[in-house]
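Here is a short report on a protein structure. Look at the model first, then read on.

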Amino acid sequence: MSKETHELTCINCPLGCLLTVVVDDGEVVSVTGNTCRRGDSYGRKEVTNPTRIVTTSVPVVGSATQKMVSVKTAHDVPKELIFDVMRALRDVRVTAPVSIGDVVVADVCGTGVDIIATRCA
Amino acid sequence: METRDIVIIGGGPAGLAAAIAAYDAGCSDVVVLERDTLLGGILNQCIHNGFGLHTFKEELTGPEYAARYVACAEELGVECRLGSMVVDVSSDRCVTVVNPERGLYSIQAKAVVLAMGCRERPRGALNIPGFRPAGIFSAGTAQRLVNIEGQMPGRKVVILGSGDIGLIMARRMTLEGAQVACVAEIMPYSGGLKRNIVQCLDDFGIPLLLSHTVSRIEGKKRVEAVWVSEVDDQLRPIPGTEVRYPCDTLLLSVGLLPENELSREAGVELSPITRGPVVDDSLQTNVEGIFACGNVLHVHDLVDYVSQEAAVAGESAARFVLDQVQESDSTQICLCAEGGVRYTVPTRVCPSRMPDKLTIRFRVANVYRDTFVSMYVGEDRVLHRRKRVMAPGEMEEVVLKKSDVLARPDTSSITITLEGE
């Protein structure tokens, strides 16, 4: 494989830095254009193993205030597993009380990543 | 009548940050009035991640970001009245509130902080011909239905407008099993953040049609299809370019309008560009003792900046109450937006009072590549910074140093402009 250059927009924060990632023989040689460390690691991952945090909401039973509780993957998961994660959550219900950070589903889709609540109920 | 030092209108991110900053500045006689039954404002329905990287150095979802501020306000003992809708603010800072338990009552405030946020432009503002079928929602309404109510507004979706909420909802609806045919944007550039185009559209193969708009909505009881046409440089649909998209839902993400009905009642001067109050460096409006922050002042892309801005408003309000600062005594310099800079917040600076470093926020009028942002104090250029890309959908900021202003005592204006070199 020869040298490839990827132009990316960093999605870590709304600054949206424009990254230039140079890959040589499958190895990331350089990441430039980022303004923080997260940009560097995003650039490296995005061209080798892109990942995303998945957020959604699930129904909550027994809450006086809410019908739904928002949840997220505690860490980023491989991008190609986004829809598998959604499928795994399709029939999930939680029971109040729920606190921020409570594990809703452990080790979702064998990723080693938990689904955690992002809101109290 | 009840009297309070500071009344804050709105318990979203801006109102909470303003209240906390007022406390920290030594003023604890603060009350936050919130019309909803919970604090946190729009963040409660923004369940996606990407909030708080600047404030907390970690990536939070909207509800988590809100919870941090709610917890902080509770810890300080800030009084927050829920279900309390402000119906009037007078120029002498008398705030009239309506609440199911107390009915209609008034609070006389020494200072008022406006933090009412913004609302979405509705279909009525767009002049799309056709019937009025069910299935047309603003993107924020759809966001509330899906994330808070657990209801899907539809299964086959077209989105008009590429504002951030529209982009976020394109992904959200797709994750929930809907099919999003396209996002049509009338302008030749997106109104949203580039990162949202990447992670909400590109990730899912949803096309973004720039210079396109909805020219016709089909269906009488329920949306059956929408027609999308290319537009010319006058933004008029070009005959013969229309494509029919069968769908049951049309989401509108066509802009946000600061909610300033109360401000107007109080005699607050509004900018025709931001549609928010005209403010000085302390975020005080033209009405003494009335301050503004957050989306009611100008629409933000980023809640972190809302929090920063609101802290300035809260601290200024506290200083106004505690020091009895007579603003009218001090001279002010105008901030001018020129050469592609659409507006600045603030628009006036008081050299004697301004902080050592003043953050000035602005938006540009078009997409600019490899352009310099320049700031002139009088005739002298004090800042000249190259930007790879600037776009109307992304708020920019520059920092004005007090020393640069004080070094030029005869200056009558400060200008922020874009330059090719």
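Helices (H or I, at least four residues) and strands (E, at least two) are DSSP runs, numbered from the N terminus.

## About the model

This is a predicted model: local features need pLDDT of at least 70, side-chain atom pairs count only at pLDDT 80 or more, and totals for chains, interfaces and linings use all residues. Residues are numbered from 1 along each chain as its sequence is written, while chains are lettered from A and ligands numbered from 1 in the order in which they are written.

## A loop residue

B:Ala391 sits in the loop between β25 (380-390) and β26 (396-401) of chain B. A residue is buried with 20 or more other C-beta atoms within 10 Å of its own, exposed with 12 or fewer, and partly exposed in between; C-beta atoms are placed from the backbone. B:Ala391 has 19 other C-beta atoms within 10 Å, so B:Ala391 is partly exposed.

Contact means that two C-beta atoms, placed from the backbone, lie within 7 Å. Not counting residues up to four places away in sequence, B:Ala391 touches B:Tyr189 and B:Val367.

## The largest core

A nonpolar core is a set of buried Ala, Val, Leu, Ile, Met, Phe, Trp, Tyr and Cys residues joined through C-beta atoms within 7 Å. The largest one has 90 residues, and B:Ile6, B:Ala18 and B:Val113 touch the most other members. Helix α7 (residues 303-323) of chain B gives this core its largest share, ten residues.

## Where the chains meet

In chain A, 23 residues are in contact with 24 residues of chain B. β5(A) gives the most to chain A's side, with four residues.
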